[in-house]
There are 2 protein chains.
Amino acid sequence: MIFKVEKKDTKSNARTGEIRTDRGLIKTPIFMPVGTLGSVKGVHQTELEHDIKAQIILGNTYHLYLRPGLDVLKQAGGLHKFMNWNKPILTDSGGFQVFSLSENRKLSEKGAAFSSHIDGSKHLFTPENVIDTQRIIGSDIMMVLDECTPYPCDFDYARKSLNLTHNWLKRAMAHYKNTDNLYGCSQTLFPIVQGSVYTDLRKKSAETIASYNAEGNAIGGLSVGEPVEDMYEMLEVVNNILPEDKPRYLMGVGTPANILEGIALGTDMFDCVMPSRNGRNGMLFTKEGIINIKNQRWKTDFSAIEENGASFVDRQYSKAYLRHLFVANERLAAQIASIHNLAFYLWLVKEARNKIETGEFSSWKNIMVKKLMERIK
Amino acid sequence: MIFKVEKKDTKSNARTGEIRTDRGLIKTPIFMPVGTLGSVKGVHQTELEHDIKAQIILGNTYHLYLRPGLDVLKQAGGLHKFMNWNKPILTDSGGFQVFSLSENRKLSEKGAAFSSHIDGSKHLFTPENVIDTQRIIGSDIMMVLDECTPYPCDFDYARKSLNLTHNWLKRAMAHYKNTDNLYGCSQTLFPIVQGSVYTDLRKKSAETIASYNAEGNAIGGLSVGEPVEDMYEMLEVVNNILPEDKPRYLMGVGTPANILEGIALGTDMFDCVMPSRNGRNGMLFTKEGIINIKNQRWKTDFSAIEENGASFVDRQYSKAYLRHLFVANERLAAQIASIHNLAFYLWLVKEARNKIETGEFSSWKNIMVKKLMERIK
């Protein structure tokens, strides 16, 4: 994996760049749609590529490990072939879902033991075996096992947790070096900065992570309930330490405003379920603000979902029609909203790129962060 | 609406033809995907047109009347504009759903009174107002209000019901003549043959219907539980009476084999929820027979869903991937299966057309009706 910074903004830490992987180029800053189980919910792979214009998607190791399972993925020749997606895939380590979904989970130096949320079967994720699993999935960008601390989290817990995360990291990096790429494509491994909302811990973690000189670095444990100012503060602290010549990936974030602020703070990669999940519930992100398409006010608004919207659904369907589909609980509703929101997120990061290139990023960003989060009644 | 028979099969009553409507040409025999609430479930309109290759779709008056309602549809300029579908639409009268879905329904000479299955609100469908409703929907082909008798149904009930249906028919035809097309396109009205499984009643009904010299005629009340031989017998009786130079539409039928037998008996139009509904449950219709894609046997079968299948999903996704999506309850599963099955049904009627044209229909049909209904374990 090769990362190259292309253009730096003069008024913020924003930058454009490109990540070269064996499965294609990623122009940064980039948003990665989440395809939990080998499918971005309600979206065909052709739509993902041609309408949403995704350059890289995310898969969840916890879910893929349980279903379809490693035997199937291995026989398929990896997730790319299995789902017929030829561009890059990033996978998380599975740790986050162990904490949020599984039962009877127990953390120890050894790893994370848990019972499957599907059938109760017992499993153990270790720093080593989640790399083996991600190798089999065929991820282009793999993540280390870490503990994502909850919020609020007292300092003592956060400090102990960070030690565990760093101990796991050491083993992960060693194991990564001792294992080979699968399916003929290069697989890289990103370490993850943790440390909750404590500046000292975040600094220590970022320094530790930076010392490994990985091809890219991730920031985890943010947007878990803390005030948004704390998130930006931690991000600033961390990004000042993480190497400038490596991509920085802010995990699981966030709203359109969060993404623009994240870019301004020098972050290059983002993923979040928000555009697809909130879309399925009728929340549309647009250039003019947020629409709750279920509202009565759209009942006879036959205008396009979004004038000059980023995908075909914006032109083909009206607000009134989409509202009707939501009210009538039709499957097509979630499909349209998912494509709309994901195409909007990809448009947003592309537009941020353009603005960084033309030197207009900061002023544009300040206008957009307000406008994008306004609710159009 | 103009119908022209093009080619007649010499060994059966099958024929090819074309229906010209103000919204485009329909090559018969044809299958019409069901878009109950202004959406073929899980399928984008672009997919319906370009991948499934639908030439006409069906809407359900009962559902559309309740949601989005006539005020919305009228303001939208009709269903075509509302859902952005420019090809022909056929609507039923709403009677069938009154009997199968609504509460507290009561039939009388006046019409069908019922309470909405959504909010319990009270409504009355009459032979006249269901035409007004279909005018507002903007249907290219409208249906008369009738009673679809259940199965089994004793002769006395069937006879009385038929009288009611014929009385309603008379009023419907009169009202149709006294009302105008909406939205600048011609709207035609099909009467419906009823009579349960009683030859005498079916004959009488077909003669009554034929006497109105409508632009097309429908056959209802079949495939409601009766033995398939009874259905074919009734269809033969009726089609021998209904005028040859008008399209014959067998309502709500059926399996691929039913459709081929229906074509052999001189039927031109079909609709059914089976391809989409059964698809959503994992049943795939293919040229080689029926697949239950949820079966364990497909777990690691990475071959295409159907070699030389009729749509892009067949080439883009494997059986193992589709099985995984069903097992994991992913939305994309139903989307893929719906497109596959509907494209298969449209392929089937197109192939029937080709075989009628080349004189091979009967022999081909006899092979296909067996093969198509075999279950590939």
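Predicted model: local features only at pLDDT ≥ 70, side-chain atom pairs only at ≥ 80, totals over all residues.

1. In chain A, strand β7 (residues 103–107) and strand β8 (residues 112–115) run antiparallel and are joined by 3 bridges. Two strands are taken to pair if DSSP finds at least two bridges between them. Helices (H or I, at least four residues) and strands (E, at least two) are DSSP runs numbered from the N terminus. A:E103 has A:S115 as its bridge partner in β8(A), and a hairpin of 4 residues connects β7(A) to β8(A).

2. Residues are numbered from 1 along each chain as its sequence is written, chains are lettered from A and ligands numbered from 1 in the order in which they are written, and side-chain values use heavy atoms, with hydrogens and water left out.

3. Chain B shows an antiparallel pairing of strand β7 (residues 103–107) with strand β8 (residues 112–115), over 3 bridges. There B:E103 is bridged to B:S115 of β8(B), and 4 residues lie between the two strands of the hairpin. β8(B) also pairs in the antiparallel sense with strand β9 (residues 122–125) of chain B, over 4 bridges; B:A112 has B:F125 as its partner in β9(B). The hairpin of β8(B) and β9(B) has 6 residues between the strands, and B:G120 takes a positive phi near 75° in it.

4. A parallel sheet is also found in chain B. Its 5 strands form an open sheet in the order β4-β15-β14-β13-β12. The edge strands, each pairing on one side only, are β4 (30–32) and β12 (192–193) of chain B. β4(B) is joined by 3 bridges to strand β15 (residues 269–271) of chain B, and the two run parallel; the partner of B:F31 in β15(B) is B:F270.

5. How are the two chains related? Two copies of a chain are related by a rotation about an axis and a shift along it. Here a rotation of 180° with 0.0 Å of shift along its axis superposes chain A on chain B, with an RMSD of 0.0 Å. That is the relation of a two-fold axis. The superposition is by least squares on the C-alpha atoms of residues with pLDDT of at least 70 in both copies.

6. The interface brings 41 residues of chain A into contact (heavy atoms within 4.5 Å) with 41 residues of chain B. Of the interface residues of chain A, 100% are also interface residues in chain B, so the copies meet through the same surface. The two chains bury about 3,500 Å² between them, 56% of it on carbon and sulfur atoms. A:H44, A:F82 and A:R331 supply 18% of the area that chain A buries against chain B, more than any other three residues. Buried area is the accessible area (1.4 Å probe) that two parts lose on being put together, summed over both.

7. Which residues link the chains through charge? The count between chain A and chain B is 4 salt bridges, a salt bridge being a side-chain nitrogen of Lys or Arg within 4 Å of a carboxyl oxygen of Asp or Glu. B:D71 forms one with A:K299, the closest N and O atoms being 3.5 Å apart. B:E330 forms another with A:K41, at 2.5 Å between the closest N and O atoms. B:E330 lies in the loop between α12 (319–327) and α13 (331–358) of chain B and A:K41 in the loop between β4 (30–32) and α1 of chain A, so the pair joins two chains.

8. Most residues other than glycine have a negative phi, and most peptide bonds are trans. A:N329, a residue other than glycine, has a positive phi near 60° and lies in the loop between α12 and α13 of chain A. The peptide bond from B:Y151 to B:P152 is cis, with omega near -5°; B:P152 is in the loop between β10 (141–143) and α6 (155–177) of chain B. B:V253 and B:G254 are also joined by a cis peptide bond, with omega about 0°, and B:G254 is in the loop between β14 (248–250) and α9 (256–264) of chain B.
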